[in-house]
Amino acid sequence: MRKDAGIIIISARNALDDRLTALNLGADDYLVKPFHLAELKARIMAIYRRRNFKGENLLNYDQITVDLDMMDVRIDGRSLSLTRKEFEMLLYFIANKNKVVSHNALVDHLWRDESVWGESFDFLYTHIKNLRKKLLEATGKDYFSSVYGIGYKFN
Amino acid sequence: MKLLSKYTLVSLSVSLIIFVIGGIIYFKTISYLSDQQLDRDLTEEFAEKVGFIDQHQRFPKPFEFDTYEAKFQGIGQSSEATRSTDTIVSTNSGEKTIPCRAIIGTVRFHGTNYRMIITASTETTQSVLKLVSTITLALIILLFMTLLIVNRIVFERIWQPFYQLLRHLKDFSLTGEPKPITVNPTKIKEFVELNEAIVHMEERAKDEYQSLKFFTENASHEMMTPVALINSKLDNLIQDETLNSAQLEQLNDIYSASRRLSHLNQSLLLLVKIDNGLIHDVSELDLSKCIKQKVAQFEDVMLEKNIKINLNLLPKTIKASKYLIDILISNLLSNAIRHNYTGGETAIFLDESMLSIENTGNEQLLDTRRIFERFEKSPSSEGTGLGLTIARNICLTYGFKLEYQFTPPFHRFFVLF
């Protein structure tokens with residue numbers, strides 16, 4: 001195994017002890033089954049960024065620049081104010097650009113701790129709507145395309 | 001009551017009873033025997049006196065018979081059968097009375113019947129009896145003291161292994177490090193057996209605990225892996241741009257089902273863990289802080305349903321697992337939101353004695369006996385039907401009580417600490 005390889009442990013055990021054990025053994029991240037591929041991809045990207053980050057921790061996509069240290073989003077140099085959930089959502093979408101991200105995956109990512117909700121994703125739509133609107137106003141582009149009843153694609 | 005006190009009390013009362021019975025028997029026997037002896041003497045005396053009267057045709061004078069004194073009373077022609085009896089005689093001076101044994105009979109003299117009474121003092125017998133009683137009493141006291149002292153010494157020595165085992169059992173923990181039993185070597189068979197039984201029982205309890213733990217871990221692994229597979233295949237499948245809306249709708253249903261399945265699995269496993277005490281990361285928790293955190297997490301959802309929340313939180317700390325308490329608050333709060341209507345109200349109240357979470361909602365009393373049962377839920381509910389069962393069992397784990405009340409328009413769940 002390469003020395004600089006990132007390690008994500010995927011396990012069905014979700015006890016805090018198990019997570020801590022895994023992280024103490026040198027794992028970079030711990031993902032509990034069941035999970036979504038979009039989640040796995042976002043975590044891999046995060047590890048990749050952390051391992052390769054030189055100087056500024058920036059994430060670029062098209063006109064959008066995300067400063068991960070400052071938790072700041074800039075469009076062509078202008079700062080865009082986002083709520084915490086919108087910020088997390090944007091990062092998730094950029095990590096999964098050009099892929100359909102399901103509502104389920106989004107909810108599990110953003111509300112992992114309290115995902116005791118049934119099938120109603122109403123609260124999710126509000127956040128997406130707001131993020132979509134802010135990006136549309138700042139860039140003049142609609143990055144989101146809705147995939148019938150199942151999720152969104154960011155491109 | 002301590003074993004020693006109980007044992008001493010029983011042995012003392014038994015010896016007391018036996019001594020009392022023994023004393024009575026002694027007393028009766030001695031009295032009976034001495035009466036027998038006196039009666040024999042008196043009967044002989046009686047016969048001699050009757051013979052004397054027949055022979056001499058006069059009543060004997062007191063000095064003519066050495067010991068016993070006789071009295072005569074004329075009773076005309078009536079006659080009395082000879083009998084022995086206890087009686088009391090006054091001394092000549094009349095100051096003292098002496099307990100006596102007497103024989104009473106009839107003697108015929110000059111055509112008239114006389115009652116003849118011959119008495120004998122029983123003072124000697126009485127003093128013997130007194131002596132016996134005193135000795136018996138002294139023995140009782142001596143025995144009691146000896147029993148008390150011997151019991152204490154012997155008891156503490158003999159039962160020492162027992163108390164050591166008891167201490168060991170009190171310290172026993174399923175999850176902790178196994179501690180060797182430190183018992184002084186004993187030859188008493190019962191304690192040796194008890195010792196063996198405890199060692200055996202502890203080993204078995206630990207084994208069962210371990211196998212249960214492995215079972216839940218394996219079950220969780222075996223159930224979550226296929227669900228993870230379904231999810232990742234679905235995630236791949238929806239990337240296909242040729243899918244039409246009808247197909248996507250079906251895929252969405254599969255998503256929902258797999259999501260529900262994974263929640264159900266997690267909830268059931270959580271119940272098994274709670275019920276078997278597999279979660280024990282107990283720490284001191286600031287409950288009002290936990291509640292505020294949870295409320296912040298649910299903010300989005302409450303905003304979406306335009307639900308107003310009132311918080312009235314007084315400081316309260318408890319010793320419990322943060323993981324479980326988070327689940328407890330989360331379950332109650334999510335119920336309060338989920339079963340609320342748009343524009344409704346929720347209130348959380350916390351003080352030293354209780355936590356209450358109330359919400360507006362369907363104006364109908366829930367079935368208080370059944371809401372805490374597994375899979376008991378309203379037909380419209382999207383939950384797993386395990387949320388309240390989990391909440392109740394978490395409460396039971398820490399000796400809290402979870403109760404439900406409906407005071408229109410508020411449904412109220414409260415945890416009594």
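**Exercise 1.** In what order do the strands of the open three-stranded sheet of chain A stand, and in what sense do they pair?

*Solution.* This is a predicted model, where local features need pLDDT of at least 70, side-chain atom pairs count only at pLDDT 80 or more, and totals for chains, interfaces and linings use all residues. Residues are numbered from 1 along each chain as its sequence is written, with chains lettered from A and ligands numbered from 1 in the order in which they are written.

Step 1. Read the order: β7-β9-β8, with antiparallel pairing. Strands (E, at least two residues) and helices (H or I, at least four) are DSSP runs, numbered from the N terminus. Two strands pair if DSSP finds at least two bridges between them.

Step 2. Find the edges. β7 (100-102) and β8 (144-147) of chain A each have a single partner strand, so one side of each is left without a neighbour in the sheet.

Step 3. Neighbouring strands are turned by 30° against each other on average, direction ignored.

Step 4. Inspect one pair. Four bridges link β8(A) to β9 (residues 151-154) of chain A. Here A:S145 stands opposite A:K153.

**Exercise 2.** Which side chains of strand β11 (residues 410-416) of chain B are buried?

*Solution.* Step 1. Apply the cut-offs: a residue is buried if 20 or more other C-beta atoms, placed from the backbone, lie within 10 Å of its own, exposed if 12 or fewer, and partly exposed in between.

Step 1. Sort the faces. B:H411, B:F413 and B:V415 point to one face and are buried.

Step 2. Strand β9 (residues 354-359) of chain B pairs antiparallel with β11(B) over six bridges; B:S356 has B:F414 as its bridge partner. Strand β10 (residues 401-407) of chain B also runs antiparallel to β11(B), with seven bridges. There, B:Q405 partners B:R412. A hairpin through two residues joins β10(B) to β11(B).

**Exercise 3.** How many residues of helix α2 (residues 123-158) of chain B are buried, and what distance does α2(B) reach from its first C-alpha to its last?

*Solution.* Step 1. Count the buried residues: zero among 36, leaving α2(B) hardly covered.

Step 1. Compare spans. α2(B) reaches 50 Å, close to the 52 Å expected at 1.5 Å a residue. The expected span is 1.5 Å times one less than the number of residues.

Notes:
Axes fitted to C-alpha atoms, helices over the stretch in contact; angles between N-to-C directions.
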